[in-house]
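Good morning, and thank you for making time for this presentation. Please have the sequence and the structure in view while I speak.

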Amino acid sequence: MNENEYMFERSSEPVQQTSDVSDPAPRQAETPYQAAPQPRPVYSYQQPYQPRPAAPYQPQRAIRQEKPKKKRMTMRIAVVALCCAVLGSLLGGGAVGLVMHRMYQRDQAAVTDTAAPQTAEAVKQQTEAPARQQAETPARPVSTGGLKTPAQVYEENVGAVVGIANEGTTYNVFGQRSATASSGTGFVVSSDGEILTNYHVVKGANKLTVTLYDGSDYTATLLGYETESDIALLKINATGLQTVTIGDSDSLLIGDEVAAIGNPLGELTYSITVGFLSAKDRAVNTDGTPINMMQIDAAINPGNSGGPLFNLYGQVIGITTAKYSGTTGSGASIEGIGFAIPINDALSIIDELRENGTVLNRAFIGVNVSDVTAEQKQNGLPDGAFIMSVVRGSSGDKAGLQAGDVITAVSGTAVKGINGLTQALKRFRGGDSAVLTVYRGGKSIDLEIVFDSKENQTAEPVEPTDDITTETETVDPFDFFPWDLIP
């Protein structure tokens, strides 16, 4: 029996005790088999006990030692985060307090400055600041009553809107005469009976009849017109008429709400349609001559031509003139694309129409031009009006223009094709000077020009008469305008 086996059996057997503790009796050595063998539990330890190597337990001890370290690390992170939060709160509160204190000091200083006498420099700055701010803010039309609803605009202005009936005559190829009729709209601009409308509404008329909102009829006289602007001025023999208020079309912004009042189809008299300003400065070619117009999405129909277009201040800012209609090449219907002439363009010539019957002094260059083609652009020519020929002795010839030049701007206004050049020249009269920017030989040059006067046919008043002596064009009564607009 080795030492380990002995120790194990000692720990498993009971110890004999005697009453005489101080003088124990000697014990005799016992053998394991002196007594009858007792049943012993079967242990796995019956084999000689081999202590387990220490190595397998080292990982377990390492794991037990790491757990407290992780807990301590988590606690440290939590404590640091809490400290940071407290410190951030203190700093944030201090910053807010400092800002509020500074604001309080500023308010107190402002009160003190107001009470104290102002220096001359301070007074100057205070008086000049509103003026600068007003100069930087775009001018907007202001009505005494402020903004109105479309219903208010209609109620306050419908009395100044009129219907216009055009009675004309046409001849066929065999000389047979037939009567024609068309209708449109206009609006009263003076209490003594001046009415503004489109020229195509009164074109070819033998008799013009104006119907007021109260139902009274008047025979009208054509004071003047200009085909290039599609503007006409009529006159009826009446006084004390209600007039519209004229606004400023240059101050309009894209997206402004507008309202049109007119006589669609010539039967649905004094109707109102409401929409928005979709675009400005559209060059719309109606009869071979481009006209500057505003694009709107208010419903415009046959009979609305010549009617007033209002802003929501109740001011006229345009003359409803045309619309795109029909279908596209793919068969899609065209809707919501109407056009109106800016009222500022009409006002710029109304005095000449009243005095001369037309605009007699339009600027004239004396050149034949075309749009720059795609092929020419590929060869390096810029977008503009390509000069095909120059009239000898004209203002363009005197300024030094040559065939092959491309006019790209007129006094800083960009020119894109024939339409752009036509619109740019409408701002000038014969005798005015301007600077033409021309592309020639791979570079741009500036040429000074003094415009000639464009020859115009003087408009003659149309007097009411039943005697038909001249031939006029046929006008479809249900055609909004006697031309086709090309999308």
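This is a predicted model: local features need pLDDT of at least 70, side-chain atom pairs count only at pLDDT 80 or more; totals for chains, interfaces and linings use all residues.

The protein has nine helices and 22 strands. Of its 487 residues, 35% are buried. The accessible surface comes to about 29900 Å², and carbon and sulfur atoms account for 53% of that area. As for the contacts, if we take those between residues at least 6 apart in sequence, 64% join residues at least 24 apart.

Let me start the local part with strand 6, residues 221-226. Is this strand largely enclosed or left open by the rest of the structure? Five of its six residues are buried, so strand 6 is largely enclosed by the rest of the structure. Its antiparallel partner is strand 7, residues 231-235, and five bridges join the two. E226 has I231 of strand 7 as its bridge partner. The two strands form a hairpin with four residues between them, and in that hairpin D230 takes a positive phi near 55°.

S411 has a positive phi near 50° and is not a glycine. This residue sits in the loop between strand 18, residues 406-410, and strand 19. With a relative accessibility of 38%, S411 counts as partly exposed. D281, also a residue other than glycine, has a positive phi near 60°. D281 has a relative accessible area of 59%; because the cut-off for an exposed residue is over 50%, D281 is exposed.

Strand 10 itself has pairings with two other strands that I would like to describe. With strand 9, residues 257-262, strand 10 pairs in the antiparallel sense over six bridges. Within strand 10, F276 stands opposite E257. With strand 11, the pairing is again antiparallel, and six bridges join the two strands. Here A283 has N292 of strand 11 as its bridge partner.

We now come to helix 4, residues 150-157, where Y154 is placed. Which residues does Y154 touch, leaving aside those up to four places away in sequence? They are I261, Y270 and I272. I261 is 107 residues away from Y154 in sequence, yet their C-alpha atoms are 7.5 Å apart in space. Y154 is partly exposed, with a relative accessible area of 22%.

Finally, I turn to the second largest pocket, which holds about 720 Å³ of space. How many residues line this pocket? There are 28, and those nearest its centre are D281, N292, D345, Q423 and A424. Several elements each supply at least two residues of the lining, including strand 10 (271-285), strand 11 (290-296) and strand 14 (338-342). Helix 6 (343-356), strand 19 (413-414) and helix 9 (417-425) likewise each supply at least two. Sorted by class, the lining has 10 charged, nine polar and nine nonpolar residues.

That concludes the presentation, and I thank you for your attention.

Note on methods:
Residues are numbered from 1 along each chain as its sequence is written. Side-chain values use heavy atoms; hydrogens and water are left out. On a 1 Å grid over the protein atoms alone, a cavity is a set of points where a 1.4 Å probe fits but cannot get out, and a pocket is an open set with protein on both sides within 12 Å along at least five of seven lines; lining residues have an atom within 4 Å of a point. Grid points are joined across faces, edges and corners, and a volume is the space filled by probe spheres set on the points. Ala, Val, Leu, Ile, Met, Phe, Trp, Tyr, Cys and Pro count as nonpolar, Asp, Glu, Lys and Arg as charged, and the others, Gly among them, as polar. Buried means under 20% relative accessible area, exposed over 50%, partly exposed in between (1.4 Å probe, protein chains only). Contact means heavy atoms within 4.5 Å. Accessible areas come from the Shrake-Rupley method with a 1.4 Å probe; for residues, only the protein chains shown count as cover. Two strands pair if DSSP finds at least two bridges between them.
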